[in-house]
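Welcome, and please load the structure in your viewer.

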Amino acid sequence: MFKAIMQVKSDRTAWLKGGDARCKMASRKLAHPHRLVLLGAPGVGKGTQAELLSEGLGACHLSTGDIFRAAKTLDACDRTPNMTNALGYMSRGDLVPDEIVLGLVAERSGCLRCRGGFLLDGFPRTVAQAEALEEVLRKQKVALEAVLSYDLPLEQVVARLSGRRICSVCKSVFHVSTRPPKMSGICDHCGAALYQREDDRPESIRVRMAAYETSTSPLSEFYRSKGLLVSVSAEGTPEEIFERSLKALDGRAG
Ligand code: AMP
């Protein structure tokens with residue numbers, strides 16, 4: 001039976017800062033670390049599922065988008081030129097070029113071999129990135145367990161994106177109607193202000209959906225052909241989708 005184990009929220013310092021940064025909490029050494037990729041159009045709720053799966057399975061939530069958002073809060077002089085370039089693409093809603101993303105992930109390859117496991121969210125986004133990930137994992141001598149692909153009709157994707165709000169400090173995700181915070185505009189977990197991501201505004205949503213269709217949806221085929229793809233309906237509440245995700249992984253393990 002595929003069991004959820006409740007864990008404290010993982011510390012992602014090494015992933016968010018890169019370079020020599022180390023996680024403050026000693027990395028957990030699980031007997032069977034889960035190594036998963038989460039796929040799905042922007043707005044299907046991958047980030048929320050990644051948080052729930054991370055708490056439930058003990059694997060670290062590794063989001064490339066979070067690396068860029070963390071970089072945004074740095075002083076301009078503390079950013080590498082790659083980072084500054086990446087932020088320009090991101091605020092327009094465009095995909096950041098593969099070489100920049102791959103450079104950032106390669107710098108953080110220690111997070112991929114971590115014995116706590118990982119949940120990749122937002123990476124890979126292109127077939128070239130998926131091929132590069134295979135190579136990095138091969139070098140780290142670890143293998144992907146499965147790729148969870150979340151499916152949702154387009155009109156529901158748009159409703160989810162435009163209502164999403166993020167905590168400016170701990171990055172927890174809320175939604176104005178489906179997952180509202182207890183106090184409007186304030187994070188339930190740390191009390192900081194919530195904000196709407198620049199790329200969740202309508203003009204950026206359109207660009208992101210187009211980028212997803214052309215670059216990211218061929219990834220499903222890539223992983224299906226390798227027998228790794230597990231499709232999960234992203235309709236319903238976050239908790240329902242989470243239960244469905246665990247069942248889908250369970251069915252695979254059995
Ligand atoms: P996300 O939080 O995953 O939706 O990412 C936010 C933005 O960061 C995207 O719209 C892209 O501009 C950029 N980004 C994040 N991950 C990647 C990636 N793997 N490849 C290219 N661009 C990315």
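Start by selecting the ligand together with Arg69: an oxygen atom of the ligand is 2.8 Å from an N or O atom in the side chain of Arg69. That is a polar contact, meaning a pair of N or O atoms within 3.5 Å; within protein, one must be able to donate a hydrogen and the other to accept it, and residues adjacent in sequence count only if both atoms are side-chain atoms. Before you go on, note that this is a predicted model, in which local features need pLDDT of at least 70 and side-chain atom pairs count only at pLDDT 80 or more, while totals for chains, interfaces and linings use all residues. Residues are numbered from 1 along each chain as its sequence is written, and side-chain values use heavy atoms, with hydrogens and water left out.

**Stop 1**

Gln129 comes next: an N or O atom in the Gln129 side chain is 3.0 Å from a ligand nitrogen atom. How much of the ligand does the protein bury? Taken alone the ligand exposes 470 Å², and the protein buries 96% of that (accessible areas come from the Shrake-Rupley method with a 1.4 Å probe; for residues, only the protein chains shown count as cover).

Helices (H or I, at least four residues) and strands (E, at least two) are DSSP runs, numbered from the N terminus.

**Stop 1: the rings**

Select Phe222 and Tyr223. Their ring centres are 5.1 Å apart and their planes stand at 85°, so the pair is edge-to-face. Rings of Phe, Tyr and Trp (its six-membered ring) pair if their centres lie within 6.5 Å; planes under 30 degrees apart count as stacked, over 60 as edge-to-face and the rest as tilted. A search of the whole structure finds one aromatic pair. Phe222 and Tyr223 are both buried (under 20% relative accessible area; exposed is over 50%, and partly exposed is in between, with a 1.4 Å probe and protein chains only).

Then move to Arg92, which lies over the face of Tyr89 at 5.3 Å from the ring centre.

**Stop 2: the backbone**

Select Phe123 and Pro124: the peptide bond between them is cis, with omega near -5°. Pro124 is in the loop between β3 (117-121) and α7 (127-140).

Go on to Lys141, in the loop between α7 and β4 (146-151). Its phi is near 60°, a positive value in a residue other than glycine. Is Lys141 buried or exposed? Lys141 is exposed, with a relative accessible area of 76%.

Definitions and conventions: Lys NZ or Arg CZ within 6 Å of the ring centre and 35° of its normal.
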